[in-house]
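Keep the sequence at hand.

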2 protein chains.
Amino acid sequence: MSSYLIDCLQYANWSEKIFRQMREGGVDAVHVTIAYHEDFRETVRNIADWNLRFQRHSDLIMQGFTGDDVRRARETGRTAIFFGFQTPAPIEADIGLVEVLHRLGARFMQLTYNNQSLLATGCYEAEDPGLTRMGRQVVAEMNRVGLVVDMSHSSERSTLDAIEHSARPIAITHANPASWHPARRNKSDTVLRALAESGGMLGFSVYPHHLKGGSACTLDDFCTMIARTAELMGVERIGIGTDLCQDQPDSVVEWMRAYRWTRQIDYGEGSADAAGFPDQPEWFADNRGLRGIAAGLRRVGFSEPETDRILGGNWLDFFDQSFGPQA
Amino acid sequence: MSSYLIDCLQYANWSEKIFRQMREGGVDAVHVTIAYHEDFRETVRNIADWNLRFQRHSDLIMQGFTGDDVRRARETGRTAIFFGFQTPAPIEADIGLVEVLHRLGARFMQLTYNNQSLLATGCYEAEDPGLTRMGRQVVAEMNRVGLVVDMSHSSERSTLDAIEHSARPIAITHANPASWHPARRNKSDTVLRALAESGGMLGFSVYPHHLKGGSACTLDDFCTMIARTAELMGVERIGIGTDLCQDQPDSVVEWMRAYRWTRQIDYGEGSADAAGFPDQPEWFADNRGLRGIAAGLRRVGFSEPETDRILGGNWLDFFDQSFGPQA
């Protein structure tokens, strides 16, 4: 087995059990969310928690800083863990924290999460003014140091602005085409086309709210959607970003959505009668299900080299190009 | 002398000298900025610094929480100091801090300062989407506890949105009409009319960048502008908010403008060849100049009761109505 297996977004309730499942599933690298609403200090605490996991489970996982770390993880039978943020809260209002957090290992940062941030607009706002003054400055700084702009939860114009303004390709680590399933979090063909043309990457999400049919979506439906998206974007611009939130209690999704910006309940992608985490599709309950997507991709017509690209090769190329200083 | 003298915005480099000038000038109350870019913890530190000033200079100043504290200050020969923020940074991303900071004495909070915030848009952004999702929630919470929405540095639509969305009258504590001097920080007649119709207040600024003719603007020019604005808004909806930044070094205005949102220099209202604080008009160098505005107002035709309203009576009414819990 020479192909790489990379999941470009998970936010699990991390445990030795999950790290063992990563190894059982042959997963070479995972981009893990280490901060949603955490400020700088809280993010550093989460990093310290990860440092402890790297020490305790050094036989299973290692921190990833570069694409080569994925290769090193493979050679040593481990999974490389790359840090990312789902909001820009960790940099607070301080552009100087971009470089500091990159040095600590941050490799992806979303400019917004559902709501307006200091940098750009989230997909739940009524208006979408695009990148702000600070947003343009921060994107340039992220480009400089090698922190990838992630627009998974951003709104249409802000995403197009980020693609255009960023000097380096950006990522949408976990979302699907809105033309397949018109969830607010999924992306228009206009965005996906612009993303592909700029050399960016889309990671397909397995989070049920992003799937046509929700938890009942079949592997074949999912892979057929991937095939259609490959026609739009090209097979080199797509990968996997499952958005797996394994073993998390529902209090976590409530916190993700409402944090402390409102004194009311915000159901986000859910609703009053379905407020918690949705059930995973039966074909993807944990990291052991990733390799199974390969069979689905072959069934809908992808060649073996194409399947390898989608399951990890494209992300590895992107990691190689994106995580170092700007050329 | 029965009329009250209230300045609804100063940000000086506070000292006993300045407190003595407040007393010499007969100033009964000042809304002081205690935070620009400070987060919650830093704001609390600034409050602790003020607590020390209240203790050390208890013969000159006292903290103000209500309109009655202005009366109490008058009776005891002191100046009442009311706290305000020029950005929403002190509440961070946490709506729960609105009530906490109100309890500590915060009475005004700007929703934005030049740039996009989590709540609304500042006057230097290219786009102006208005109040955000969080902005609407926070305005409702400010209304509930009695923290006044201040839109001095906000852009047009965001200001109109705040006026409309706020259940209680808002303030523009320090700005002038753009029809008089078209600075980005000054306000359109549309905004001023909506502000007046909603029962809000405008404080006229003496900061030279907001004045026609800048530092050379005469007292009569200034008072003629006030007379014209009184025709637009009504004499009950206007007061003074000088924006006096006495004894501050230029490093402070650089920090106000650029803070840490950019790695470049931002000149804000200034320019590369005039980057620092501008010189004050000769008729208003410090708190002793406030009473002199009365003579100017009488010269342009205001009656004595009208002059009393503009110099403090209107703000006192507004304080009485605004600082307690929502009825």
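A charge sits over a ring if NZ of Lys or CZ of Arg is within 6 Å of the ring centre and within 35 degrees of the ring normal. By that rule, the charged end of B:Arg53 sits over the ring of B:Trp50, 4.6 Å from its centre.

Some ground rules. This is a predicted model, in which local features need pLDDT of at least 70 and side-chain atom pairs count only at pLDDT 80 or more, while totals for chains, interfaces and linings use all residues. Residues are numbered from 1 along each chain as its sequence is written, chains are lettered from A and ligands numbered from 1 in the order in which they are written, and side-chain values use heavy atoms, with hydrogens and water left out.

Now the rings. Rings of Phe, Tyr and Trp (its six-membered ring) pair if their centres lie within 6.5 Å; planes under 30 degrees apart count as stacked, over 60 as edge-to-face and the rest as tilted. Over all chains, the search finds 36 aromatic pairs. One of them joins B:Tyr36 and B:Tyr113 edge-to-face, with 5.3 Å centre to centre and 85 degrees between the planes. B:Tyr36 lies in the loop between strand E2 (29–35) and helix H2 (40–56) of chain B, and B:Tyr113 in the loop between strand E5 (106–110) and helix H5 (133–145) of chain B, so the pair ties together parts that are 77 residues apart in sequence. Helices (H or I, at least four residues) and strands (E, at least two) are DSSP runs, numbered from the N terminus. B:Tyr36 is buried, at 1% relative accessible area. Buried means under 20%, exposed over 50%, partly exposed in between (1.4 Å probe, protein chains only). B:Tyr113 is buried too, at 10%.

Turn to strand E8 (residues 201–204) of chain B. In a regular strand the side chains alternate between the two faces of the sheet. Here B:Met201 and B:Gly203 point one way, B:Leu202 and B:Phe204 the other, and all are buried. Strand E7 (residues 171–172) of chain B pairs with E8(B) in the parallel sense over 2 bridges; pairing requires at least two bridges found by DSSP. B:Ala171 stands opposite B:Met201. On the other pairing, E8(B) and strand E9 (residues 238–240) of chain B run parallel over 3 bridges. There, B:Phe204 stands opposite B:Ile240.
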